[in-house]
Amino acid sequence: MLGPNGRGKSTLLRCAVGLLTPREGRMRGTESTAHVPQSHRSTFAYDVLDMALMGRSRRLGMFAAPGRLDVAAARDALEQVGMAELAERPFTTLSGGERQLVLIARAIAAEPAHLVLDEPASALDLNNQARLLELLRRLADGGLGIVMTTHHPDHALEIADTVVLMQADATATVGPPTICSPTPPSARSTRSAPAACTGTTSTAHPAAPSSPAGPPRHPPPPTAPAGTR
């Protein structure tokens, strides 16, 4: 889902996972869903591994403790998001981007039928954005249903199957990822070469005008007669 701020993307996601009740209409679903919010602050300094283990809580009994298989699932989820090396670090000492990756790992560890993410790449650097998009595409190809919001049309173009484009006039357009592309699909992969490469003149540095025809501004000095110095 894409759209300007304040269009209700996050509200719609919260309704979809049952955190909010819509004033009109109904949200229906029977399969398990894991939700990854935009941000999360932990009051207690849980280790990164413990945060990922919390995703296994729905698979445990009321008084059961995580077992060997639960710990293995949490570690595997951390490995998938590239956070396995920080498993023993306190969650509160991580950067915003690292915390976001841990929350995604917690959702993956839950092994849900659907994964709902609210701007999952907003706090990530370019390298981790690419890693996350590759991971989400791989999970979707494996059968996991994924819904996410983003402000980056290129993310939708790269991994989405369907796009919901929420407009400023409270309408929404549903269609293939190309609906959020400003250029036709055939032109998207073609980039114009910079002016310096094509041989044209850059507008930032115009070429000096050529001198008009006529005598030069500074004629050469007269040639001395032969035999003189």
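Ser10 touches Gln38 and Asp118, residues up to four places away in sequence being left out of the count; contact means heavy atoms within 4.5 Å. The model is predicted: local features need pLDDT of at least 70 and side-chain atom pairs count only at pLDDT 80 or more, while totals for chains, interfaces and linings use all residues. Residues are numbered from 1 along each chain as its sequence is written, and side-chain values use heavy atoms, with hydrogens and water left out.

**Ser10**

- Ser10 lies in helix H1 (residues 9-16); helices (H or I, at least four residues) and strands (E, at least two) are DSSP runs, numbered from the N terminus.
- Ser10 is buried, with a relative accessible area of 16%, where buried means under 20% relative accessible area, exposed over 50%, and partly exposed in between (1.4 Å probe, protein chains only).
- Its side chain makes a polar contact with the side chain of Gln38 (3.2 Å). A polar contact is a pair of N or O atoms within 3.5 Å; within protein, one must be able to donate a hydrogen and the other to accept it, and residues adjacent in sequence count only if both atoms are side-chain atoms.

**The sheet**

- Three strands form an open sheet in the order S1-S2-S3, with parallel pairing; two strands pair if DSSP finds at least two bridges between them.
- Strand S1 (33-36) and strand S3 (145-149) are the edge strands, each pairing on one side only.
- Strand S2 (residues 114-118) pairs with S3 in the parallel sense over five bridges, and Leu117 stands opposite Met148 in S3.
- Helix H4 (residues 96-109) packs on the sheet, touching S1 and S2, and its direction makes about 175° with that of S1. Axes are lines fitted to C-alpha atoms, for helices over the stretch in contact, and angles run from 0 to 180 degrees between N-to-C directions.

**Helix H5**

- Helix H5 (residues 126-141) lies across S2 and S3, running at about 145° to S3.
- The buried residues of H5 are Asn128, Gln129, Leu132, Leu133, Leu135, Leu136 and Leu139. Seen down the axis of H5, these buried residues fall within an arc of 165°, so they line one face of the helix; the arc is that of the directions from the helix axis to the C-beta atoms.
- On the other side of H5, Leu126, Asn127, Glu134 and Asp141 are exposed.
- The partners of the buried residues of H5 are helix H3 (68-80), H4, S2, S3 and helix H6 (153-159).
- At the start of H5, a side-chain oxygen of Asp125 reaches to within 3.3 Å of the backbone nitrogen of Asn127.
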